Amino acid sequence: MHFVLLGATTLTTLGCGQQSESPQSDAIAQTPTEQPLTASKGVSIGTTFRGGPGLQRLLGSMDALGPLGEKAFELDLEEYAKRDDAVMEIRNLFDSLPVEAGSARWRVVRVAAGLKKREAVEFLRQQAVSAPVMKTSPDGELGDPTHRVRYSAAVGLVRHLLDGVDGADEATRQVFNLAEPEIAKLAALELFSKGQLSNEHKEILRKRGIAANFRRIEGSELDALRTVKATPAVQRANGKNRRRLLTTVPPEVSEAIESTNAGGSR
Amino acid sequence: MKTRISIGLLFSSLLVFTSNTASAQVCRSSVDVSQFDDFYGALWGCQQWRINDMLSRFDMDKGDWDEGFGYENQCNDNLPLKRTFNALQVMAYATTNAPTCSQSSNNVGIWAYCWAGNSIDELDADCSEKSRATTSHGPFIDSRTALHAPFFYNETVVERAATIFHEARHASGHCQHVSSGTCLDGGSSCDPNWANGCVGFGSGSGLGANAFTVLYLHWFAISAQPSWTNSTVRASAVAGANYFLSRRFQTDPCFRLNSDGYAYATC
């Protein structure tokens, strides 16, 4: 991870053990006939099932920033949810993706999490209770590319429960019973944060040895948690100070604003 | 400095970006999973004054970012340089329109950009696939932070911002991770605990680099300006933070984030 060379130290950080994803898996090449999404690439899968235009549109529109973009995504989601084959299409796309394709699989689960359909409950439950997959990257780092997917599925399931979707209550209990303890805990935390974690839920977790004594961290305790001690800027060895200390508005911004106000352009 | 590695499946009709020289390398043959670069790229508009500031502030030299990494094509969202720019712009402006060097606020999103720029000696790039980023420092070497292929293509724009903040902590505090295999999940790149995670030869004290990652993602989740976020980006940030909290400490920090990004005690 780090070694000493002529007095130097290399700090190897963020090995592929963190959300380890195989480099080839997400970069699955497009087939020549595929058309890129106009708004965003979304998920483009090459040689296997990639979903119809409705699902592809959703996977792209989830990128749109800002309130208007968010609204557009929600509308697309509502429209897609009306389809009888929505979950089947989602499942087919998900199953076509290798486990290392964490980013792509996560996006698909995000769509499922917002469908508010009974059929989505089972899909989300299956993903939430699936086992971690520990993978070793080329430099020996150990990580789990499925954590994000399983976590998002569990949170999506909790959303379905909160929305009163049929079957979500039982499915959530199964997550508490069967999911990796960390995922079960995060699902319970989500439910707790919405004020819906019952004593019965806590009992299920307690029997598994999972503590559910949650409380929101606030006030001085939160401040202490988040306090970062100021560290001085590093003086570069050659003595040159090539960087400006940013105070308020950088000079270039001031110039740009002035120019714009004067009717100029940059 | 850059290793010449040909990676991935090359389909001549599918190359989404090209290089200007025969010696240029391509880290990935295509970009098929959006990591929000299109929208963040459009948000800051690839304005020259911003580019000038980033190149200067992070000492991003042509020699380290040319030959396929994007220096000759600085507005191409498929190339490492632009993807790094997108992350730096998020770091600067996602939380505030007036980033500052003053660390008086607990909200790291307000000062992360300036502080990281002052902490990282220079920002380089290569196509290594073995980790997301590495930071080297020492009295006899050229201190630098190198960004690798997984940084450019396996992380969302916001996660890249968090990674740069993480690396800046290594660079400034000389914080190191502890021995391989000692993380809660048996993995590597761990810090011993939350409050005193900055350890190692010549290191400072206080929060370690992994805590910096969590803090950046947490503050982004709860305080990003509406035009710089959406529910999907926020969910990604929270998922990333919870991954670090559950996997990247020897001692459980005993808190996690809910989907809104708020911290809850869990022990």
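**A guided tour of chain B**

Begin by selecting Cys183(B) and Cys190(B), which form a disulfide with sulfur atoms 1.6 Å apart. The model shown here is predicted. Cys183(B) is buried, because its relative accessibility of 6% falls under the 20% limit. Cys190(B) is also buried, at 0%.

Next, select Cys175(B) and Cys198(B). These two residues form a disulfide as well, and their sulfur atoms lie 2.0 Å apart. The torsion about the S-S bond is -90°, and the link is left-handed. Cys175(B) is buried, with 1% relative accessibility, and Cys198(B) is buried at 5%.

Now move to Cys46(B) and Cys75(B), a disulfide whose sulfur atoms are 1.8 Å apart. This pair links distant parts of the chain, 29 residues apart: Cys46(B) sits in the loop between α1 (37-44) and α2 (48-57), and Cys75(B) in the loop between α3 (62-65) and α4 (80-93). The torsion about their S-S bond is about -90°, so this disulfide is left-handed. Is Cys75(B) buried or partly exposed? Its relative accessible area is 45%, and Cys75(B) is therefore partly exposed, whereas Cys46(B), at 13%, is buried. Over all chains, the structure holds 5 disulfides.

Finally, select strand β2 of chain B, residues 131-137, in which 7 of 7 residues are buried. To see one bridge pairing, select Ala133(B) together with its partner in β3(B), Leu147(B).

Note on methods: Residues numbered from 1 in each chain as written. Chains lettered and ligands numbered in written order. Predicted model: local features only at pLDDT ≥ 70, side-chain atom pairs only at ≥ 80, totals over all residues. Heavy atoms only, no water. Buried < 20%, exposed > 50% of the residue type's maximum accessible area, 1.4 Å probe, protein only. Helix = DSSP H or I, 4+ residues; strand = E, 2+ residues; numbered from the N terminus. Pairing = 2+ DSSP bridges. Disulfide = S-S within 2.5 Å.
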